[in-house]
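Hi,

Here is the structure I promised to send over.

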Amino acid sequence: MAAYRLRRDPRASGFAWAWDVVLTPSHLPAPEHPPYSGWKVTDRQLASRVDSGFVAPLIFRGKVCAIRRKADNSALLQLLSRIDRYASRRPEEGHPA
């Protein structure tokens with residue numbers, strides 16, 4: 001049970017990422033990088049997370065019975081928030097590189 005607690009802990013995002021990589025079936029693309037919340041995430045990385053989502057194992061009686069992809073709604077909301085901020089800027093401020 002400790003592994004499930006560790007996976008949910010925001011300070012152990014590398015463990016959660018490794019967990020998802022191990023459980024990703026070979027016919028699906030593996031997550032590109034650990035979702036470190038303290039790092040700055042580029043717009044391209046957010047868009048990739050929106051497109052690919054994340055892996056969620058379905059566990060029945062203590063065993064993984066299926067793997068499914070779930071939408072990464074937080075990445076979508078972050079990306080939409082950034083788009084709103086870019087749209088509200090004055091034209092002379094420009095778009096960040």
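Predicted model: local features only at pLDDT ≥ 70, side-chain atom pairs only at ≥ 80, totals over all residues.

Residues are numbered from 1 along each chain as its sequence is written, and side-chain values use heavy atoms, with hydrogens and water left out.

Start with helix α2, residues 13-23 (helices are DSSP runs of H or I, at least four residues; strands are runs of E, at least two; both are numbered from the N terminus). Its buried residues are S13, A16, W19 and D20 (buried means under 20% relative accessible area, exposed over 50%, with a 1.4 Å probe and protein chains only). They sit on the same side of α2, because they cover an arc of only 120° around the axis (taken from the directions from the helix axis to the C-beta atoms). They pack against α1 (2-8) and β1 (54-60).

Now α4, residues 73-88. Here A75, L79 and R82 are buried. The face turned away carries the exposed residues L77, D84, A87 and S88.

R82 deserves a click: its side chain makes a polar contact of 2.9 Å with that of D43 (a pair of N or O atoms within 3.5 Å, one able to donate a hydrogen and the other to accept it; residues adjacent in sequence count only if both atoms are side-chain atoms). Leaving aside neighbours within four places in sequence, R82 is in contact with V41, T42, D43 and L46 (heavy atoms within 4.5 Å).

Cheers
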